Structure formats: structure tokens, C-alpha cells
Amino acid sequence: MGQRIKLFIPLAIFMVLVFFFWRGLSLDPNAMPSALLDKPFPVFSSTTLQDGQPIYRDSLLGEVSLVNIWATWCAACKYEHPVLNSLSSEGVRIVGINYKDNNAGAKKWLDELGNPYVFNIVDADGGLGVDLGVFGAPETYLVDKKGIIRYKHVGIVDREVWDTTLKPLYDQYSLTSN
């Protein structure tokens with residue numbers, strides 16, 4: 001009887017591990033909930049990338065915005081950049097947060113690749129990113145007219161993400177009095 005128990009314990013442990021592994025495979029790796037959903041965008045005080053002018057949270061009020069976390073060191077950001085340029089040319093309001101980056105390099109990057117942003121907030125030390133709960137770049141937040149975060153997308157914004165997820169929300173919040 002003791003020999004059977006010794007064989008059963010490793011088998012039971014193995015089966016439990018298999019279950020958790022199988023369960024983990026069914027989870028969406030991009031589904032990272034944000035504690036800030038349906039809460040105001042964090043209060044901040046910074047400068048704009050292009051001209052170094054002071055900028056505050058109030059600059060996000062009045063219009064629905066996509067707030068895009070980006071950096072020149074982020075390869076995925078370069079991949080999504082043409083889509084952001086296209087969306088901007090279609091009238092989508094995009095605000096950039098240049099995250100833990102070099103200002104001169106970021107300005108050069110925008111000069112060379114185009115600038116889809118209404119303005120860029122400098123977040124050189126990552127403090128605003130910490131307040132937002134940023135995991136890394138790129139990340140994009142949908143912020144309503146009152147400055148409330150309504151959605152967080154972790155990863156690249158491509159046409160599929162825009163068409164199926166962000167655009168319906170952008171349109172919804174653009175039409176409401178929020």
C-alpha cells in the first residue's frame with residue numbers, strides 16, 4: 001500500500017501542474033486590466049517634447065484622445081507608427097507620452113517618421129508611466145472628453161486593433177456628452 005501512495009503523489013502533482021499549464025495557455029496575454037479604468041487620467045506636470053512648454057492634465061480635457069506611450073528604443077513603436085500617422089490624418093486625436101527617452105533622439109525620430117501627435121508629453125523619468133501603470137511601450141489609452149480613462153490597450157495598435165476595438169470606443173465616447 002505504501003508503494004502505491006509513493007507513486008500516486010508525483011502523478012497527482014504532475015496532473016495539477018498540467019492543469020495550470022493548460023489553463024494558462026487559454027488566457028489572453030494582452031488582457032492586462034488597469035486599475036485606472038473609469039478613473040481620471042493621473043494629474044501630471046511636464047513639458048512638451050517639441051517646444052518644452054509646460055503641460056498639465058487639463059490638456060486632455062474636451063476631446064476624446066488616444067494617449068500613446070512610445071519611445072525611440074521601442075521596436076514595436078516603430079512598427080505601429082505608420083498606423084498612428086494614418087489615424088491622425090483621418091482626424092483621430094492622438095497624444096503622445098515619450099517614455100524614458102532622449103528628447104533630441106525623439107524629435108529626430110518624429111521629424112523622420114512623421115508626427116501623428118497633437119502634442120507629446122515628456123516622461124523622461126517614467127513617473128507618469130508609473131502613475132498610469134505602464135508595463136512598457138507601446139501602450140495606448142482611450143481617454144474621454146472629461147479626462148476619464150475608458151480603455152487600455154497593451155501592445156501595437158494596428159488596423160485590426162483600431163477597427164475592431166479602439167474605433168468603436170472612440171466613436172462611442174466622441175458622441176456622448178462625457
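Asp38 sits in the loop that runs between helix 1 (2-25) and strand 1 (45-47). Helices here are DSSP runs of H or I with at least four residues, strands are runs of E with at least two, and both are numbered from the N terminus. This is a predicted model, where local features need pLDDT of at least 70, side-chain atom pairs count only at pLDDT 80 or more, and totals for chains, interfaces and linings use all residues. Residues are numbered from 1 along each chain as its sequence is written, and side-chain values use heavy atoms, with hydrogens and water left out.

Start with the backbone. Most residues other than glycine have a negative phi, and most peptide bonds are trans. Asp38 is not a glycine, yet its phi is positive, about 65°. Lys100 also has a positive phi, near 50°. Lys100 lies in the loop between strand 4 and helix 3. The peptide bond from Ala137 to Pro138 is cis, with omega near -5°. Pro138 belongs to the loop between helix 4 (127-132) and strand 6 (139-143).

Buried means under 20% relative accessible area, exposed means over 50%, and partly exposed lies in between (1.4 Å probe, protein chains only).

| Residue | Relative accessibility | Class |
|---|---|---|
| Asp38 | 51% | exposed |
| Lys100 | 43% | partly exposed |
| Trp73 | 47% | partly exposed |
| Tyr99 | 9% | buried |

Next come the aromatic rings. Rings of Phe, Tyr and Trp (its six-membered ring) pair if their centres lie within 6.5 Å; planes under 30 degrees apart are stacked, over 60 edge-to-face, and the rest tilted. By this rule there are five aromatic pairs. Trp73 and Tyr99 have ring centres 6.4 Å apart and planes at 50°, so this pair is tilted. The pair links distant parts of the chain, 26 residues apart: Trp73 is in the loop between strand 3 (65-70) and helix 2, and Tyr99 is in strand 4 (residues 94-99). Ring pairs also join Trp70, Trp109 and Tyr117 into a cluster.

Now the helix pair. The axes of helix 2 (residues 75-89) and helix 3 (residues 103-113) come within 11 Å and cross at roughly 50°. That makes helix 2 oblique to helix 3. Axes are lines fitted to C-alpha atoms, for helices over the stretch in contact, with angles from 0 to 180 degrees between N-to-C directions. Angles under 35 degrees count as roughly parallel, over 145 as roughly antiparallel, 65 to 115 as roughly perpendicular, and the rest as oblique. Cys77, Lys78, His81 and Asn85 in helix 2 meet Trp109, Leu110 and Leu113 in helix 3, where contact means heavy atoms within 4.5 Å.
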